[in-house]
Amino acid sequence: MTGNHLEVIVDNKPIRALVDSGASFSIISDRYRRYLKKVMFSETKNVVLKVANGSFVRPMGKCMLRVIINSRELLFEFVILRHCSHDVILGWDFLEAFQAVIDCGRSELFLEDVCQEPSTLDSWKLYAIEDCTLEPRSLSRIAVSGCQVGRDLNVVVEGNKNLLFERNIAIPFILTSYNSSESEIWVTNMQSEKRVILKGMCVGRAELLDERHLCAITDTSNHMDALTETTQFCIEYSLMI
């Protein structure tokens, strides 16, 4: 780290990023986003930022970037500005999320271990691992990734409401297993046309399951009647939201 600049690797491209603890959000310029060929998501409609010269600007959108610092790879959400003094700015949200410590005397930046103990986590965002095409009015299972943890966990997943309201893609509340840094969730396309979930898109949040809150609602000790599968079925999407 030299002054308030840090050499990092963003999506396999080395760049000198500005470390700015006074910036509420981490920023990438639209020029550099297009250079990296990153997909932009328009999820900042009501956000207005005050920049260093005192003027107010409205972000163009957001994108997901993989940042490597000291051999550690971090997936994080950046706000896109059309004009910016630096191509990449690591703001307070980035520094806080990864418990960064800046040693001004040594001009060094330290990050906490990315592999955290479950007891230190409340919830974390989940992102699509790869591009997924959803067929019309279908229910699909997709792979997601998020914060790395030290062991396998049971988690409760809550879907991203923006996907529901803006794109008619519903993700039900589910209990699922979270293996180290990956899991699988169910996604419903309620439209009569195909929808695409792009790699890196935030699809929801995972929260550690408190198993003390689980209660049996029926006696399962007796044999249950076998259910005959039928070829005709109907998915009631509203019950899954």
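# Exercises on strands and burial

Two bridges join β1 to strand β6 (residues 61–69), and these strands run antiparallel. Helices (H or I, at least four residues) and strands (E, at least two) are DSSP runs, numbered from the N terminus, and two strands pair if DSSP finds at least two bridges between them. This is a predicted model, in which local features need pLDDT of at least 70, side-chain atom pairs count only at pLDDT 80 or more, and totals for chains, interfaces and linings use all residues. Residues are numbered from 1 along each chain as its sequence is written, and side-chain values use heavy atoms, with hydrogens and water left out.

**Exercise 1.** Determine which residues stand opposite I9 in β6 and in β2.

*Solution.* Step one: in β6, the residue opposite I9 is I68. Step two: strand β1 (residues 5–10) also pairs with strand β2 (residues 13–19), in the antiparallel sense and over six bridges. Step three: within β2, P14 is the bridge partner of I9. Step four: the hairpin of β1 and β2 has two residues between the strands, and D11 there takes a positive phi near 50°.

**Exercise 2.** State the strand order of the open sheet of seven strands, and identify its edge strands.

*Solution.* Step one: the order reads β15-β17-β13-β11-β19-β14-β16, with antiparallel pairing. Step two: β15 (169–170) and β16 (174–178) are the edge strands, as each pairs on one side only. Step three: β15 pairs with strand β17 (residues 182–189) in the antiparallel sense over two bridges. Step four: I169 has N189 as its bridge partner in β17.

**Exercise 3.** Classify S145 as buried, partly exposed or exposed, and list its contacts.

*Solution.* Step one: buried means under 20% relative accessible area, exposed over 50%, and partly exposed in between (1.4 Å probe, protein chains only). Step two: S145 lies in strand β13 (residues 138–145). Step three: S145 counts as buried because its relative accessibility is 17%. Step four: leaving aside residues up to four places away in sequence, S145 touches K125, L126, Y127, I129, Y178, S181 and E182, where contact means heavy atoms within 4.5 Å.

**Exercise 4.** Carry out the classification for A143, and describe its relation to Y127.

*Solution.* Step one: A143 is found in strand β13. Step two: with a relative accessible area of 24%, A143 is partly exposed. Step three: A143 and Y127 are 16 residues apart in sequence, and their C-alpha atoms are 8.5 Å apart in space. Step four: Y127 is among the residues that A143 touches, together with A128, I129, S183 and E184, not counting residues up to four places away in sequence.
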